[in-house]
Amino acid sequence: PPSSPYSLPARHEATPLLQHYFDNVFVQLPFFVETSFWTSVDAVYQSGGRFAKPFDHWMLRMVLAIASASVSYHYNDRSHQRAWALVSDALTYAEEVLRPGSISGIQAILLLAQYSLVDPIRFRSWYLVGMAVKVAIDLGLHQDPPAEVSTNPDRLDIRRRVFHCIYCLDRLVFVLFLNCRPANLVTED
């Protein structure tokens, strides 16, 4: 959609939405480090975001969009419009952040997948989760690195968290698919 007055809110307006995300969504799918997220928030809100990386802008806008959509009561109400405007703004950074071959690329896809669960009209969650699974397998996140490879414990922890969150979303989307398919597709064995 075209630009909207609901784009990036002032920081004092964004803080309750961010807290809502961490209280209700992040506790279930903690696939990024909370302290690095707050560093991204600072980077975007300081100096007009001049020194923020595209991933910082993406993370902040997507988390705000997920939180806004999750507090929406009706399709196309004010919160829903704000959420869609934030996703639209985030998508301007898609070329820089949705790159396979990195954990941050998977995290960016997972944020889109989370958004698709609260606003299923816009994106196909099964497709986004499937992409995340494919990239995770390509990166070898389904297994720990060999013992002879020295790995930072924090890096190993985030690899594991990202993989387990992808697995949980994959199972969720599979169950949703099974429960939503038409009755004529159900076959008896």
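In the predicted model, the buried residues of helix 4 are S79, H80, R82, A83, W84, A85, L86, V87, S88, D89 and A90. Helix 4 is thus mostly covered, with 11 of its 14 residues buried, where buried denotes a relative accessible area under 20%. These buried residues pack against helix 1 (11–26), helix 3 (54–70), helix 5 (94–97) and helix 6 (103–118). The length of helix 4, which comprises residues 78–91, was also examined: at 1.5 Å a residue its 14 residues should span 20 Å, and this agrees with the 20 Å that separates its end C-alpha atoms.

A similar check was applied to helix 7 (residues 125–139), for which the 15 residues should span 21 Å at 1.5 Å a residue, in agreement with end C-alpha atoms that lie 21 Å apart. In helix 7, the residues S125, L128, V129, A132, V135 and A136 are buried. Because these buried residues fall within an arc of 125° when seen down the axis of helix 7, they line one face of the helix. An α-helix has 3.6 residues a turn, so residues three or four places apart point the same way. The face of helix 7 turned away from the buried side carries the exposed residues W126, K134 and D138. Just after helix 7, G140 takes a positive phi of about 80°.

On the surface, a nonpolar patch is formed by F174, V175, F177 and L178, which together have about 360 Å² of accessible area. One of these residues, V175, is located in helix 8 (residues 153–180). With a relative accessible area of 42%, V175 is classed as partly exposed, because this value lies between the limits of 20% for buried and 50% for exposed residues.

Conventions: Residues numbered from 1 in each chain as written. Predicted model: local features only at pLDDT ≥ 70, side-chain atom pairs only at ≥ 80, totals over all residues. Heavy atoms only, no water. Patch = residues over 30% accessible without salt bridge, like charges linked within 9 Å, V, L, I, M, F, W, Y side chains within 5 Å. Areas by Shrake-Rupley, 256 points an atom, 1.4 Å probe, with all protein chains shown as cover. Salt bridge = Lys/Arg side-chain N within 4 Å of Asp/Glu carboxyl O. Helix = DSSP H or I, 4+ residues; strand = E, 2+ residues; numbered from the N terminus. Buried < 20%, exposed > 50% of the residue type's maximum accessible area, 1.4 Å probe, protein only. Expected span 1.5 Å × (residues − 1). Contact = heavy atoms within 4.5 Å. Arc of directions from axis to C-beta.
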